[in-house]
Amino acid sequence: MQRWSKLFIPTLREAPADAEVASHRFLVRSGYIRQLGAGIYSYLFLGQRALNKIIGIVREEMDQIGQEFFLPALNPREVWEQSGRWTGMGDNMFRLKDRKGADLCLGMTHEEIMTSIARNELRSYKQLPQIWYQIQTKFRDEPRPKSGLLRVRQFTMKDSYSFDIDKAGLDKSFDLHDAVYRKIFSRCGLKFVAVEADSGSMGGSQSQEFMVYTDAGEDLIASCPVCGYAANLEKGTSLLEPVVEMEPTGDGTPELVHTPGCGAIADVAEFFKISPASDIKCVAYMAMKRGAAGKPDTWHGVAAFLRGDHQVNETKLLGAVGGADLRTMQAEELAQYFNGPAGFLGPVGLKPNAKPLEDGLTVVVDTSLEGRKNLVAGANQLDYHLHNVTPGRDFTWTLAADIRSVNEGENCPQPGCAGKLVVGKAVEIGHIFKLGYKYSEAMGARVLDVNGKEITPIMGSYGIGIERILTAAIEQSNDKNGFWLPASIAPFTVVVSVTNIADAALAEAGKKLAEELEAAGLDVLLDDRDERAGVKFKDADLVGIPYRINVGKKAADGLVELVTRATSSSVDVALGAVVALVKERVAEDALLTSVGA
RNA sequence: CGGGGAGUGGCUCAGCCUGGUAGAGCACCUGGUUCGGGACCAGGGGGUCGGAGGUUCAAAUCCUCUCUCCCCGACCA
């Protein structure tokens, strides 16, 4: 029996000044966590208890499809060199030296370690498929830790890896994870969406993220309320309405126009009496290409052209040109590549290179510009624009690609769907994707197939952020007094608040009730502190426990109060019936959350 | 890394501009009164004012350097 009076639950009346998002404020106020450094937190009793509940669910579900390992967080340099990520991970990796001066790092993820085990141990197709997972602390030297447990430098991740003989096997492993993830997040009571995503630096093909909508999130998700299409903005597309308006239909030839001071899209549109959609925007970047083994990285000029009313999506652009990093051009570089100043850059007269990120300038044109005619563009000289510019005729490009970000209100890209996209902020709680052969190839994992021929296993990689489940749950269920968690992940299911512990009869009734609840298999916290009732109620409301039973003055009549935190509603229940009622409520909750999204 | 902000008792902050006794509320300890929505009274403990250097008779306060934390932009669970 857990008695509040004996526990360390340091609740705070006021939130620390530096806590911005709700989950951060409440996690600290409720005594779940304390900060040790930037992006480094201690998990106290209640916090650890909630996380353990989450881990329990994750483990239970993962055991249906995979096997749990526990891998070292301390990794020797060699393993990471074999995959090329010792350098590839850059500054996000914590590195250290041992007493002999040998390089080590703290694991950010465990593709390398898992693959090295596979390479050393797997010999035959008969041993495949395999799904191995672990629940482990990961370390990432984030450039900017923030928002409490949302973005930290040390966190707990469930990561799993699949090894299959062929693509069909990988599809199956991927689908298994998809199904299990949905179950896990549902059981944790989260309202989540699965979205198409960019696979990023990990490499790979199909990639799906599990997101929870919240303003505290850092990702933007485009979704269609009609057909259910949902994608990360880094990946999402939309159908555009054709631009009709003032665009001339004739075949004008490019003409130089004096446009003094019109360095911004809005100025240009105003000057030419056109909509921004008919002005060609140019964003000039330097893109970094990873050097081959032992070779240094190189930087190359990239000019991105798109509609004036669109924004460049740098993730898409980077993917289109095959670069590893992106930054905007400096003035000298603009002069070098465009011979013109910012604000007046344009595509006419540029000499695009044949292949991206080679010598010369890589010109990337957004697909929305293809087929357009008589547009306005910068002339690459101060205070001059060209009009009657027609892509394809007046300028060419290295490649055309979708490099823009979808905007709210654009048309859903699904065939036949008439929905309009909405864009919302979300936090990523899980990610599954098909790695392909990247690691098995690089690290030399091989097995023999039926014909005795060597094949390389194909891999998938699947992550869940444990703390983020907690954070997302709090973000999604809080009010000014605190938060409430689903019974499945709450540190306690029910708190018994004895309003006046000095009253021996009440104290005894509360204790007995708590024992009965415990005997019924519920996680009970008995608030037996010598505090005023108000203090106990406030604390109970704060700390995320979904149900509270007040043992107070009505106890003399054999009644207690059952309070549901989520709704703040309370009912008087006979002392003898309350255990069954709580069990029933919890069972109903579990039913609701198991249906899933 | 770029830009903005903050470091004063456990928490929230005042004091700094205009140098001179380090303060308030909450929390904590003791006693008393209270006892269903963060009680009240009385007494009490606790602070190298982030650190280093400098100016000055005198520095929380002025100057220089530095460390840490938070927020906004590029990364990811």
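Predicted model: local features only at pLDDT ≥ 70, side-chain atom pairs only at ≥ 80, totals over all residues.
Close-up 1. Look for S497, which sits opposite D527 in β29.

**Close-up 2. Three strands make up another open sheet.** Here the order is β26-β27-β30, and the pairing is mixed. The edge positions go to β26 (478–479) and β30 (543–544), each with a single partner strand, so one side of each has no neighbour in the sheet. Strand β27 (residues 482–484) pairs with β30 in the parallel sense over two bridges. If you want a residue pair to find your way by, take F483, which stands opposite V543 in β30.

**Close-up 3. Strand β12 has antiparallel partners in β22 and β13****.** Four of the five residues of β12 (residues 219–223) are buried, so this strand is largely enclosed by the rest of the structure. With strand β22 (residues 422–436), β12 pairs in the antiparallel sense over five bridges, and S223 stands opposite V422 in β22. With strand β13 (residues 230–232), the pairing is again antiparallel, over three bridges. In β13, N232 is the bridge partner of I221. β12 and β13 form a hairpin with six residues between them, and G228 in the turn has a positive phi of about 90 degrees.

**Close-up 4. Helices α1 and α11 cross.** The axes of α1 (residues 22–29) and α11 (residues 466–476) come within 8 Å and cross at roughly 105 degrees. The two helices are therefore roughly perpendicular to each other. On the α1 side, the contact is made by A22, S23, F26 and L27; on the α11 side, by L470, T471, I474 and E475. Sorted by class, that contact has five nonpolar residues, two polar and one charged.

Close-up 5. Which residues does M114 contact, leaving aside its neighbours within four places in sequence? They are F69, L71, W132, Y133, Y161 and F163. For a sense of scale, the C-alpha atoms of M114 and L592 are separated by 36 Å, with the two residues 478 apart along the chain.

**Close-up 6. Cysteines without disulfides.** How many disulfides does a search of the whole structure find? The count is zero. C282 is in no disulfide, and the nearest cysteine sulfur, that of C262, is 17 Å away. Buried or exposed, where does C282 fall? C282 is buried, with a relative accessible area of 17%. C188 is buried too, with a relative accessible area of 0%.

Key: Residues numbered from 1 in each chain as written. Chains lettered and ligands numbered in written order. Heavy atoms only, no water. Axes fitted to C-alpha atoms, helices over the stretch in contact; angles between N-to-C directions. Parallel < 35°, antiparallel > 145°, perpendicular 65-115°, else oblique. Contact = heavy atoms within 4.5 Å. Nonpolar A, V, L, I, M, F, W, Y, C, P; charged D, E, K, R; others polar. Buried < 20%, exposed > 50% of the residue type's maximum accessible area, 1.4 Å probe, protein only. Pairing = 2+ DSSP bridges. Disulfide = S-S within 2.5 Å.
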